[in-house]
Amino acid sequence: MNPSRTALIIGGGVGGLCTAIALRKLGIEATVYERAEMLGDVGAGLVVAANAIRSLRRLGLAEQTLAAGSVVTRAQIRTHDGHPLATTDMRNYETQFGAPTIAIHRAALHKVLLDALPEGAVRLGAACTRVEQDRSGVTAHFADGSEARADFLIGADGVRSVVRRQLFPSVELRYSGYTAWRSAVVSRDEAALGITSETWGRGYRFGIVRMDAERIYWFATANAKLGLTYAPAEQKALLLKIFGSWHPPIRSLLEATPAEVILHNDISDFTPLNQWSVGRITLLGDAAHATTPNMGQGACMAIESADVLGQCLAKNNEFAAAFQAYETRRKPRTAFITNQSWRIGRVAQWENALACAARNFVVKTVSAGTMEKQLSKVLGVEA
Ligand SMILES: Cc1cc2nc3c(=O)[nH]c(=O)nc-3n(C[C@H](O)[C@H](O)[C@H](O)COP(=O)(O)OP(=O)(O)OC[C@H]3O[C@@H](n4cnc5c(N)ncnc54)[C@H](O)[C@@H]3O)c2cc1C
């Protein structure tokens, strides 16, 4: 532990905030610089799986997170008419993986993380424009002309990271071919509140996740060209047109969601990087290892990376050695998730009727043993 060390963290998402908590536990004075003027209402929900809950436990955050979320008890894949293809009783895996998998509103998770940091540890309205390093430290420059200096810097500024673009300008985003919408809505529908499900059509998917006693997080995907934008009413009408005839309660969830609170993102990642660190600067979360959301593991990987970076800095007083150890431990794990999630997304977004029928047949006949093996590779691995 070296209390004299200081760190700048660019980006106040799940990755940046968890990193600040991990570093401050070591006595490192870590400050988060976030471009948004406000943190909090960051829309929709997240699944935080058992692997990330174990990391949160090491960071002293598991109890608060579990209390703010809702345990996923059953997860199901369905066809557009509601026919179940595969059902997993997640409770069976709680003991095996040492923690439950939960769903939580993003704002609730942010609150847990912010509450764990002291006043002044997060600076809002600070959009980083560039970073530079020399022999004695690293400086971040911000859009308002201000700057900040510390011993080292972590770029946790998301998939379109300014820090990564500066370190590795040749990295290009890889568009998945599908776009996604998501929102949170109050529901009293027992069918929706009781189960976490993903419904597969041909080139379309719809997911329903219970976040707490009365709130649902839903998401929808569609094969689409990159860069299409929609006015709120137009995109709600489009969603109703695509999914309105699918099984209940999909239509009622869409109808109950105000058009203005539906978030829309094209889904992109980038192929796993060979290097994350240059000198005093490293990357973390989507900035380092973005993944498509098909396994619900992007934020979980950011949480694991924060946990591991903290462990590496605890063991190595020299930040360069710590960054090297961090990369060595994290690159294989995050590359596996990025690649596997990409492959799942490709199959789940198939449009061809015969291919979809074959895919559904395979999913329906997959054995419990195979399912357990797959889950173990993701939820059972220790960060
Ligand atoms: C539809 C969808 C569903 C998903 N579902 C799940 C799920 O169920 N479970 C899961 O684990 N993951 C899920 N993910 C992935 C998850 O959202 C991301 O992996 C996670 O948010 C990454 O966290 P992060 O902190 O690395 O980046 P971000 O959450 O992107 O945070 C980056 C932060 O940096 C800030 N920033 C950006 N540029 C700058 C700058 N120049 N200066 C200062 N600040 C800056 C941004 O404002 C932002 O606050 C999903 C993603 C999508 C798109």
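User: How many residues surround the ligand, and which are the closest?

Analyst: This is a predicted model, in which local features need pLDDT of at least 70, side-chain atom pairs count only at pLDDT 80 or more, and totals for chains, interfaces and linings use all residues. Residues are numbered from 1 along each chain as its sequence is written. A residue is near a molecule if its C-beta atom, placed from the backbone, lies within 6 Å of it. Here 34 residues surround the ligand, the closest being G11, G13, G158, G285 and G298.

User: Which element gives the most to the shell around the ligand?

Analyst: Helices (H or I, at least four residues) and strands (E, at least two) are DSSP runs, numbered from the N terminus. α11 gives the most, with four residues; α1 (14–25) and β3 (45–48) are among the elements that each supply at least two.

User: Is G13 buried or exposed?

Analyst: A residue is buried if 20 or more other C-beta atoms lie within 10 Å of its own, exposed if 12 or fewer, and partly exposed in between. G13 counts as buried because it has 25 such neighbours. G13 is found in the loop between β1 (6–10) and α1.

User: What is the strand order in the open sheet of three strands?

Analyst: Strands of a sheet pair through backbone hydrogen bonds, either parallel or antiparallel. Two strands count as paired if DSSP finds at least two bridges between them. The order here is β9-β10-β11, with antiparallel pairing, and the edge strands are β9 (128–133) and β11 (147–150). β9 and β10 (138–142) pair over five bridges, with Q133 opposite V138 in β10.
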